[in-house]
Amino acid sequence: MVNLFTVLPIINPLRLQKLQEKDIPSLLTLEKELFPVDYWTEFTFREELKKDPHSIQVIKDKHGVIGYVHTEIWDKKLPSGRTVRIGEIGSIAVHKDHRGKKLGEKLFKQGIKTLKKKKTSKIIIHTRLDNVHMKRMAETKFGFKTEKVKKNAYEDGASAYRMSLS
């Protein structure tokens, strides 16, 4: 009997890799489809690539980008004078036709791994109050805790949970 899991990658190869400029058009299509109100522009993606070529990692199939994770870091100076490195998973997206395959979980895990490599002391995410799936995944799969609700976090006035992992 054939082991389906050894054949599957040959039939449907999905690759996680850093974003390349040639991937931006298919990424923009995905972005506009999933985030019709506050999607990123081509300019924004190109600026992120210039700032940190590893900040956006994508999953592709033979047709283009079907999912991505965006991460960024910044240093925050505390009142004590000490500086801490904060990492943020800014966005995770998976094409609607590819949901239910644990790709969002794989992207989330990759985002955490990327930020930990950069020696962050805290990782945060923001997710819309109505994004129950993301909130539940962050809490149950990765141990994130809700810190607060941020009012008017998005362009359409929607609020967001600010969640963190220390």
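Me: Why is L28 called buried?
Reply: Buried means under 20% relative accessible area, with exposed over 50% and partly exposed in between (1.4 Å probe, protein chains only). L28 has 13% relative accessibility, so L28 counts as buried. This is a predicted model, in which local features need pLDDT of at least 70 and side-chain atom pairs count only at pLDDT 80 or more, while totals for chains, interfaces and linings use all residues. Residues are numbered from 1 along each chain as its sequence is written, and side-chain values use heavy atoms, leaving out hydrogens and water.

Me: Which residues does L28 touch, not counting those up to four places away in sequence?
Reply: Contact means heavy atoms within 4.5 Å. On that basis L28 touches W40, T41, E42 and F45.

Me: Where does L28 lie?
Reply: In helix 2, residues 24-34, which packs on the sheet and touches strand 3 (64-77) and strand 4 (83-94). Helices (H or I, at least four residues) and strands (E, at least two) are DSSP runs, numbered from the N terminus.

Me: What makes strand 5 and strand 7 partners?
Reply: Two strands pair if DSSP finds at least two bridges between them. Six bridges join strand 5 (residues 122-128) to strand 7 (residues 160-165), and the two run antiparallel. I124 stands opposite S164 in strand 7.

Me: What makes strand 1 and strand 6 edge strands?
Reply: The open sheet has seven strands in the order 1-2-3-4-5-7-6, with mixed pairing. Strand 1 (15-18) and strand 6 (145-150) each pair on one side only.

How values were computed
Axes are lines fitted to C-alpha atoms, for helices over the stretch in contact, and angles run from 0 to 180 degrees between N-to-C directions.
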